[in-house]
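Me: I would like to go through some of the labels used for this model and check each against its definition.

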Amino acid sequence: MKVTVNDEAVEVDADTTIAALLSRLGFPDKGIAVALDWSVLPRSEWDTTLADGARLDVVTAVQGG
């Protein structure tokens, strides 16, 4: 099935969780925020299984000024 991550289509298995997908795509364990279908998702819910057509937006925190 397909999901969208930061406006790019990604093919995933039916039992893929958000946490597993983030790891597979190389996102860091800390310093990121995730929105699922336009709603911010707390880290405690990253074990949620993705549905076909889900949209994930991942934002990485950066330091600087």
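Me: What makes the largest nonpolar core a core, and which residues have the most contacts inside it?
Reply: The term covers a set of buried Ala, Val, Leu, Ile, Met, Phe, Trp, Tyr and Cys residues joined through side-chain atoms within 4.5 Å. Here the largest such set has 16 residues, and Val3, Ile18, Leu21, Leu50 and Leu56 have the most contacts inside it. Two or more residues each come from strand S1 (2-5), helix H1 (18-24), strand S3 (32-36) and strand S5 (55-60). Helices (H or I, at least four residues) and strands (E, at least two) are DSSP runs, numbered from the N terminus. The model is predicted: local features need pLDDT of at least 70, side-chain atom pairs count only at pLDDT 80 or more, and totals for chains, interfaces and linings use all residues. Residues are numbered from 1 along each chain as its sequence is written, and side-chain values use heavy atoms, with hydrogens and water left out.

Me: Which residues does leucine 50 touch, not counting residues up to four places away in sequence?
Reply: Contact means heavy atoms within 4.5 Å. Leucine 50 meets this with Met1, Val3, Ala14, Thr16, Thr17, Ile18, Leu21, Leu36 and Leu56.

Me: Why does threonine 16 count as buried?
Reply: Buried means under 20% relative accessible area, exposed over 50%, partly exposed in between (1.4 Å probe, protein chains only). Threonine 16 has 11% relative accessibility, so the residue counts as buried. Threonine 16 lies in the loop between strand S2 (8-11) and H1. Beyond four places in sequence, its contacts are Leu21, Thr48, Thr49 and Leu50.

Me: What does the side chain of threonine 16 reach?
Reply: It reaches the backbone oxygen of aspartate 13 at 3.0 Å. A polar contact is a pair of N or O atoms within 3.5 Å; within protein, one must be able to donate a hydrogen and the other to accept it, and residues adjacent in sequence count only if both atoms are side-chain atoms.

Me: Why is aspartate 7 called exposed?
Reply: Its relative accessible area is 58%, so aspartate 7 is exposed. This residue sits in the loop between S1 and S2, and its phi is near 70°, positive in a residue other than glycine.
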